[in-house]
Amino acid sequence: MTREQILAMLRSMVRVRRFEERCAEDYVAAKIRGFLHLYIGQEAVAAGVIPALGPADSIVASYREHGHALLRGIPAAAIMAEMYGKASGCSGGRGGSMHLFSREHRFFGGHAIVGGGLPVAIGIALADKLRGTRAVTCVFFGEGAAAEGEFHETLNIASLWRLPVLFVCENNAYAMGTALVRSEAEPAIHKKAAAHRIGSESVDGMDVVAVSEAATQAVERVRETGAPWFLECMTYRFRAHSMFDPELYRDKAEVEAWRAHDPITTFIKRMTVTADELAVIEREAAAEITQACAFADAAPLEPVEDLLRHVRAP
Amino acid sequence: MREIRMPSLGADMDAGTLLEWKVAVGDKVARGDIVGLVETEKATMELESFADGIVDALLVELGAKVPVGTVLARLRDAGEAAIEAPVIAPAPPPPPIPVPVPRAPAPPPPALVRSSPAARKRARELGVSLTGVAGTGPHGAIVLRDVVPPAPRAAPPPVRTPTSMRQAIALAMSRSKREIPHFYLAHTISMKHALAWLTEANSTRTIQHRILPGALLLRAVAVALRDFPELNGFYIDDEFRPSEEVHLATAISLRTGGLIAPAILDADEKPIDQLMAELQDLVVRARGGHLKSSELTTATITVTSLGDRGCETVFPVIAPPQVAIVGFGAVLERPWVEGAAVVPHPTVVATLAADHRVCDGHRGGLFLATLDHLLQEPAKL
Amino acid sequence: MTLSDQVLATLCKIAPDVDPASVDRARPLVDQLDLDSIDYQTFLAALGTEHTVAIREVDIPKLRSIDDLTQYIESHRVS
Amino acid sequence: MKMSYRDAVREGLREALIADPGVLLIGIDIGKYGGTYAVTRGLLDEFGPERIRDAPLSESAFVGAGIGAAINGLRPIVEIMTVNFSLLALDQIVNSAATLRHMSGGQIEVPLVIRMATGAGRQLAAQHSHSFENWFAHVPGLRVVAPATVADARGMLATALRERDPVIIFEHVQLYGIEDDIEPAPVALDGAAIRRAGNDATIITYGGSLPRALAAADTLAAENIAAEVIDLRSLRPLDVDTLVASVTRTHRAVIVDEGWRTGSLAGEIAAQLGERAFWELDAPIGRVCTAEVPIPYAKHLELAALPSVEAIVAAVKEACHA
């Protein structure tokens, strides 16, 4: 990998990490309300997969999707404005943290129903297949989704109808308060894909390089074969499921143990990133976030007279 | 100078209680350090610092419940001088929400006249009061039809048969012509004895209880039917069902156009005076639109009379599901053979239309003869 | 309100669709209005009650117009 | 041209498939099997497996797939065999189809048509005899229609396919066999239709209950009561103006609805009439609904549970204080 590629990967992860930390701060300051699910710890997955997708490809994500949206190219300002409920947010202030959308970036949402995005994703792929666009649809979901009926319904149809879908399971070991081993008889999620004759693999979700290589190959394979592929990324979230989750279900020692695998610090050590190189990236990230928050603060609220807009076509 | 405030740790959190400080004044704090513990309804949560600095002042006592956003502590940068600041008293408890004093229950409304909205609206439009109006709706409620315009009204209402009635008549009559094989019989009856009896009977009655020929004819039909069950009943689901009772429907033409045929129930068991009173009541109520539905639907046979200014003979149409209808033309003076002489007699042409599926001309003829015979001895009716 | 007006008012109560102004008080009512025998009987009975007059059966054929009735009531009512 | 309701729906589908290559059908047993109610018979041979897609028994997934394909430029027509199985896809219909436009601030459109059979009367017992039109008619973001005539069955689909938002078409199981002589033409989705004029009372109904409402009106006519019969056609949005205009003339309303009375569409219509036609009412608004019991199997019990002609006649006569 070139120095540029290495710094690009680091920049991706640091931008997401600092963005999510600012979100936590703004939530505590009551600027962001409702639910907030942070991506801190899992940055390597988005940083590894998203760059492998082309502009014509589509993305469907879950409610922990700030990192994916940011790295797909949706401006931090538009995302933060959405968190603040402003009209210039990327969803017009109508969706909030869990429902980031951008037609321009073919970012078809944050979906807050666990597994809810899976059927939509294969539909998008079906349209691409029938129109022969060779585009790939990449759908992100947590291991919790594997317990939903529509997870299996979706994998079966994707395989049966041979649809160009890349399933990316971000296995962070906990579905809200339930450890994986307490909810799945077969905790190795990627093995479930085999039951539907979908090729699959598992990769260290804390290693951005491993994720990137696996994702790049997977995207090309899906594009060439038109058949679905299943990529399970073993990862971990350092913060609670959401802002008022007291984390009674896991002990501090386990969290500390995973911190040793922090995707950013391990990457910096492994790639011998110098303090100066890191400082530049940190400064750029801080500036981006400060500007985003200023924009979001100043952005207007949507007039209440527009309440009934966006229900049906104008 | 930076502040540490009570964090908002949940969509439904308004306030939090400071349980514990993990730092003291003068301690060095780094971004992300846990500086204390806070209690929410849900659980005990760590209080995180989002800034580096030296604890300058702890502003809230342990155990104090303060709203989200309250400044709990102040941090100063390394070089800054400490500020002597009094410890802020715990925030005053939120003012008690005033409990509304229950108002005395409103006095019960004046005894309302129970009436439908449409009736009240019509009354407003016509400028009439509802008090004293007898309601024919459920539980005596005043409904639309009970609200009649004040008499007299300047402009006469346009002669317009309510379309629904016209449609109903059209439907019933066309069904009758389609399904019922009518046969018709006519018979001229002398009314000499009948009218003489009436004049004599009325002379002993007040004007209010005067009996009209129409009532006598109805009475005669009712009595005659006792011997002709095949003319009195219903033809339903391809079979004739004779009726025990005799409910005589009298066809009443309405001045606003159209026809209505309310029934006099058990006409065969009612003396002539009662029949007359009921007939008069029916006509008045029919014209005012105040008929009960049972009166409209239970007739077993119909009698139609064109009255004293109509024509000589009527050939009526049976009203399904009935099986017969009796008609009377106008009572007119006609030449009548008495012994060897021809003398003028008041006479009426009685007609019968009957359902050939149920009975034949022979029986129909006997019925009219019986009617004739009864009218020759009016006193017995 | 003259007796004649009262008689006319009673008629209009029985037949609300009648325009009082259009009634010719001299001419027989049955020739002007669509009144059948029952309506007329109801009208006579009401007059008998309102003006406490005993209308005799034999006189009825002569009581054909508002004027006939007005004169008859004037001469026969028990005052 | 004489055709059955079933033929009319099939012709509507054929016309759509021919007119727009982006149109495709997704549903269980719609291809090889030709459709549970034989509506899609012959379409697989004519248009091929790519556009007539038999789906596995995965309502949530294939309805979600329909939504995704619609988002990405196709015009899918998804058949959910009956409303009874739509419960498995309710999350996708409500949380995705009806809501994506709003959550995305207007960026994402879901131009999707979903057809479902509905209603009881064929002794299919509780799990196969539901009427949940009111559930869907409750959700902003959806348009819901109920074609009750052959002409509407033939004409509504083309119009629905021009909508840029989800449309749900309910086809009552007892209507598939009715026949009529019609001229095939697109019809508007909006607007209730006065199927029979009258001035004494207004009977408001939709879908499979229309024939019973018309039969009741015939019976009432023979008793001098002229009942107006209004076919809602659209269940969301409701054409309340037409209902208010009619009740203003008749002053009496009876609503016939095969749903259970509590929380029914009839309840919603009664509330709106109570709000907008209060001063015209001469009697309480009548409602003739299905008895609040899971639909029983035995014929006589099923008939007793469902709105009957006699019940409609009685309700109208009560409203007329007859």
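Which residue in strand 8 of chain B is the bridge partner of Ile4(B)? The close-up views below, taken from a predicted model, begin with this pair.

**View 1. Pairing of strand 1 with strand 8 in chain B.** The bridge partner of Ile4(B) is Ala73(B), located in strand 8 of chain B. Strand 1 of chain B and strand 8 (residues 71-76) of chain B are paired in the antiparallel sense, over 4 bridges.

**View 2. An open sheet of 4 strands in chain B.** The strands follow the order 1-8-6-3, with antiparallel pairing.

**View 3. Packing of helix 4 against helix 7 in chain B.** Helix 4 (residues 213-225) of chain B packs on helix 7 (residues 361-376) of chain B at an angle of about 125°, and their axes are 9 Å apart. Helix 4 of chain B is therefore oblique to helix 7 of chain B. The crossing of these two helices is right-handed.

**View 4. Residues at the contact of helix 4 with helix 7 in chain B.** Helix 4 of chain B contributes Ala220(B), Val221(B), Val223(B) and Ala224(B). From helix 7 of chain B come Phe367(B), Thr370(B), Leu371(B), Leu374(B) and Leu375(B). By class, this contact comprises 8 nonpolar residues, 1 polar residue and no charged residues.

**View 5. The contact between chain A and chain B.** Chain B supplies 12 residues and chain A supplies 10 residues. On the side of chain B that touches chain A, 7 residues are nonpolar, 4 are polar and 1 is charged.

Notes. Residues numbered from 1 in each chain as written. Chains lettered and ligands numbered in written order. Predicted model: local features only at pLDDT ≥ 70, side-chain atom pairs only at ≥ 80, totals over all residues. Contact = placed C-beta atoms within 7 Å. Nonpolar A, V, L, I, M, F, W, Y, C, P; charged D, E, K, R; others polar. Axes fitted to C-alpha atoms, helices over the stretch in contact; angles between N-to-C directions. Parallel < 35°, antiparallel > 145°, perpendicular 65-115°, else oblique. Left-handed = near helix turned anticlockwise from the far one by under 90°. Pairing = 2+ DSSP bridges.
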